[in-house]
Amino acid sequence: MSEPKTGKPEVDQRTVKRAVIASAMGNATEWYDYGVFTSGAIATSIGTLFFPGEGNAVLKSLALLAVGFIVRPFGGAFFGPLGDKLGRQKVLALTILLMSGCTFLVGVLPTYSGGYSMGIAAPIAILLLRLIQGFSTGGEYGGAATFIAEYAPTKRRGFFGSFLEMGTLAGYVLGNSVVLITYLSLSTEQFDSWGWRIPFFIALPIGAIGLYLRSKLEDTPEFRRLEAAGEKAEKAPLKETIQRNWRMILNLIGIVLLLNIADYMLLTTMPTYFTDTLHIGDTESSLIIIGVEIVQFALLIPLGSLSDRIGRKPLLLTAAIGFIVLSWPSIKLMQSGSLLWLIVGFLVVAILLALMLAVIGSTFPAMFPTRVRYGSFAIGYNISTSLFGGTCGVVVTALIGSTGNADWPAYYLIIAALIALVPIIKIPETARVPIEEIDTADTGGKLAGASK
């Protein structure tokens, strides 16, 4: 990568790789929690042990998970601009500590009733932990993606950016796998009594490893360049972030709407869809999801590398159009009664999602200038995630229950894809543009000072 006139610090490949791993560990920690929390066995246990009484235990657990998304935009608005002021590394060290700590503490909480209980304080305590975790998660993803994008060489930003979602899938598969192994290793009585706690305990060492890796890195070369030039914000630039970048933030919200509806549909809604609607056992459901996630895992790096050659937008457009055309046929395959066709239908939607996952780590940070990159990304991403991603499981499950129509996952995906097409078309292609030259503020989304 050529050196800009502004004097961006040089970074060796070994440091870039360490930065990528450290960033991906935070995503793995976040999605390990989702993998644990949304597995059929854990969802049933949490709903029953912390919220006893009438009603669907799984739906109660999904609603608890959704509550954490309410505060994510506030976390993004707090941590994002703070990362633009203090630096990416300091804020990311704090967010991973809070995320892993809250997941661990769920595992030690007394339940509503039984020998180790605290009555009404139990649901209140787990609710508070989910709120704290949601707040901290609001500052995690935007910072992690920014960290990778600002370390990566221009010509390989897609390749390195794809590793961020490798962390997502690795964390989710690990969470599901730990629950499955624990569930199969214990009797039902043992799992319901104390075994459900084990997967939550494992979040602490995962977070500790990520914290260690992040603490050993300098801040990004791009942030240090800005700091050396005296151009970084002296105060957390929330007002500047919104005033000068609102158009691009809206574009981000529109794209993330599809990304997160598809992501949370597959990773947090489908486990209960398989068990409750299609009446597949918890073990079969977990194995199908883990297998498909491994396929996605294998696709991300090749697709990320491909985006360095042909651009990010062709992959995003293919995904959006694919969701419009193939979502309904895929759901009908899942409903066919054949396990093979169910896997094929699920795999089709998963591959379309992989097209997006492979490029968002390189696309989204490049939508904003360095001075407000972390904050703009965090605010837009978390507003969309809170409104559409976090509520996906509850809304789709409730719609299926109230209408009796099992096709709602497809309808939801199609609507989201139609909306996302507009901002995908509008955003500039930044695949070969150096990150330090990007300035889309006050330009309506067009690149200023850089050739496309």
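Analyst: Helices (H or I, at least four residues) and strands (E, at least two) are DSSP runs, numbered from the N terminus. Residues are numbered from 1 along each chain as its sequence is written. This is a predicted model, in which local features need pLDDT of at least 70, side-chain atom pairs count only at pLDDT 80 or more, and totals for chains, interfaces and linings use all residues; side-chain values use heavy atoms, with hydrogens and water left out.

User: What is the mean pLDDT of the chain?
Analyst: pLDDT is the predictor's confidence in each residue, from 0 to 100. In this chain 94% of the residues reach 70 or more, and the mean is 88.

User: Where is Y112 found, and is Y112 buried, partly exposed or exposed?
Analyst: Buried means under 20% relative accessible area, exposed over 50%, and partly exposed in between (1.4 Å probe, protein chains only). Y112 is found in the loop between α5 (88–108) and α6 (121–137). With a relative accessible area of 32%, Y112 is partly exposed.

User: Which residues have the most contacts inside the largest nonpolar core?
Analyst: A nonpolar core is a set of buried Ala, Val, Leu, Ile, Met, Phe, Trp, Tyr and Cys residues joined through side-chain atoms within 4.5 Å. The largest one has 102 residues, and those with the most contacts inside it are I46, M265, F274, F323, M334, F346 and F364.

User: Which helix gives the largest share of this core?
Analyst: The largest nonpolar core has 102 residues. Its largest share, 18 residues, comes from helix α13 (residues 238–277).

User: Which residues does I289 contact, leaving aside neighbours within four places in sequence?
Analyst: I289 has its place in helix α14 (residues 282–310) and is buried, with a relative accessible area of 1%. Leaving aside those neighbours, I289 is in contact with Y172, M270, P271, F274 and F346.

User: How many salt bridges does a search of the whole structure find?
Analyst: Side chains of opposite charge can pair when their charged atoms come close. A salt bridge is a side-chain nitrogen of Lys or Arg within 4 Å of a carboxyl oxygen of Asp or Glu. For the whole structure, the search finds twelve.

User: How many residues apart in sequence are the parts that E140 and R214 tie together?
Analyst: E140 forms a salt bridge with R214, with the closest N and O atoms 2.7 Å apart. E140 lies in helix α7 (residues 140–151) and R214 in helix α11 (residues 203–215), so the parts tied together are 74 residues apart in sequence.

User: Are E140 and R214 buried or exposed?
Analyst: The relative accessible area of E140 is 0%, so E140 is buried. R214, at 3%, is also buried.

User: Is D407, the salt-bridge partner of K332, buried or exposed?
Analyst: The side chains of K332 and D407 meet in a salt bridge (3.3 Å, N to O). K332 counts as partly exposed at 32% relative accessibility. D407 has 8% relative accessibility and therefore counts as buried.

User: Which residues do salt bridges that share partners join into one network?
Analyst: The twelve salt bridges come from a search of the whole structure. Those that share partners join D84, R88, E150 and R373.

Notes: Contact = heavy atoms within 4.5 Å.
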